[in-house]
Amino acid sequence: MGQLGQFISDGDAGGEDLVDRALRTVRSYLQMEVAYLSEFVDNTMVIRAVDAPGFEAIAHPGAAFDRDYTYCNKICAGDLPEVIPDTGRDPLAATLPITRDIPIGSHISLPIRRADGSIYGMLCCLSRDPHPSLNDRDLEMMRAFADISATQVNDSIARRVRLETLQDRIDGALRERRFDIAFQPICNLADSFVSGFEALSRFRSDPYRPPNLWFAEAEEIGRGQELELAVIEQALAALPDLPAHTYLSVDASADTVASGALLRRLTGVAAERLVVEITEHAEITDIAALQAAMAALRIKGARIAIDDCGAGYSGLQQVVRLRPDIIKLDISLTAGIDEDRALRSLAAAMVHYAGETDAVIVAEGIETEGELRTLRSLGIHKGQGYLLGRPQLLDRALEGMEDAKRMGAA
């Protein structure tokens with residue numbers, strides 16, 4: 001069947017990246033030293049994938065070259081042939097600086113096209129020595145591969161470019177601290193007295209992108225925990241400035257808590273004023289590690305909350321397993337609760353459970369007076385939402401507390 005046929009029949013067997021495996025197959029088949037796939041970015045040729053064992057200094061992913069310096073533009077324009085068995089025998093190739101610089105003795109390449117027919121980049125193989133046996137049949141082999149796998153190749157390249165973009169974006173956010181902390185008041189529903197603040201991240205970007213998207217992208221490239229901890233550290237720095245009677249609630253994923261990384265950040269922190277909200281919309285994979293980390297946090301003095309109870313995997317089973325000190329009712333359970341008997345029944349059941357386990361219920365997303373009255377009548381302990389106070393930067397949040405005190409005194 002041959003190498004190309006074997007490559008096609010194997011599909012994605014073994015989990016190896018398709019582009020890497022394809023380049024290795026083509027390079028080996030042609031007995032060349034370097035095979036790479038490039039992308040045209042304006043007038044720059046950027047190498048996106050490469051197979052060049054022993055020649056990584058010549059070509060590596062991310063290497064960029066002016067297209068006028070390379071063969072690319074000349075091949076696309078028809079000034080250079082797609083197959084050059086011996087560059088020394090081609091009048092134009094022999095005079096080009098890149099031929100001497102690398103050096104290039106033989107070269108074979110063809111454009112890779114997008115679905116709309118435009119050129120994405122080039123599939124190229126080269127060697128330092130001439131390869132007199134290179135011919136049009138070899139080029140047709142490369143073209144057959146490109147035609148058969150163009151969709152997969154372009155998809156793989158797009159994934160690589162996306163990951164590089166995400167890496168740059170998250171790097172910048174961490175390096176330049178492109179986020180602020182907004183503090184939303186958590187109030188006792190009985191008297192609307194502010195008893196705590198939830199720290200919420202707000203990322204600076206144009207256009208604006210919501211925090212959940214930032215954290216999802218960081219998680220996609222394996223840096224979710226790093227971004228979480230950076231935000232938490234910035235929130236913790238404000239704890240001494242909050243009124244002494246209030247607590248600070250910070251969000252952390254189950255994996256971050258289970259890793260112990262959060263506990264290590266609490267040196268010198270008044271942990272007795274800290275609530276750790278476990279925010280997890282996916283199934284917890286290591287419940288034992290999470291429970292052990294929660295126990296260690298409690299020894300420090302921190303309390304544990306389950307966030308978004310009623311959404312995703314944050315259901316009753318998770319609440320029972322983790323035995324939180326605070327249960328936060330998701331907005332999906334509080335929105336319109338004054339007009340929905342089923343929601344009131346569920347909330348009443350959670351109040352009963354909290355009473356049996358000495359937990360506190362915090363209702364999220366309170367936006368109307370009707371919701372507030374109903375939640376109070378059900379015995380919900382605390383709440384937060386736009387009706388009680390919007391998330392604001394620290395100075396404004398503290399000013400809001402003073403304004404509320406003055407209004408209460410009046």
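Which element gives the largest share of the lining of the largest cavity? Select strand 6 (119–127): this strand supplies 3 residues, the largest share of that lining.

The model is predicted, so local features need pLDDT of at least 70 and side-chain atom pairs count only at pLDDT 80 or more, while totals for chains, interfaces and linings use all residues. Residues are numbered from 1 along each chain as its sequence is written, and side-chain values use heavy atoms, with hydrogens and water left out.

On a 1 Å grid over the protein atoms alone, a cavity is a set of points where a 1.4 Å probe fits but cannot get out, a pocket is an open set with protein on both sides within 12 Å along at least five of seven lines, and lining residues have an atom within 4 Å of a point. Grid points are joined across faces, edges and corners, and a volume is the space filled by probe spheres set on the points. By class, the cavity lining has 16 nonpolar, 3 polar and no charged residues (Ala, Val, Leu, Ile, Met, Phe, Trp, Tyr, Cys and Pro count as nonpolar, Asp, Glu, Lys and Arg as charged, and the others, Gly among them, as polar).

Next, select Asn 212, Asp 251, Thr 279, Asp 307 and Asp 308, which lie closest to the centre of the largest pocket, out of 43 residues that line it. The volume of this pocket is about 1,200 Å³. Its lining divides into 18 nonpolar, 12 polar and 13 charged residues. Elements giving two or more residues to it include strand 8 (194–203), helix 6 (211–220) and strand 9 (247–252). Helices (H or I, at least four residues) and strands (E, at least two) are DSSP runs, numbered from the N terminus.

**Helix 10**

Finish at Gly 301, which takes a positive phi of about 115° just after helix 10.
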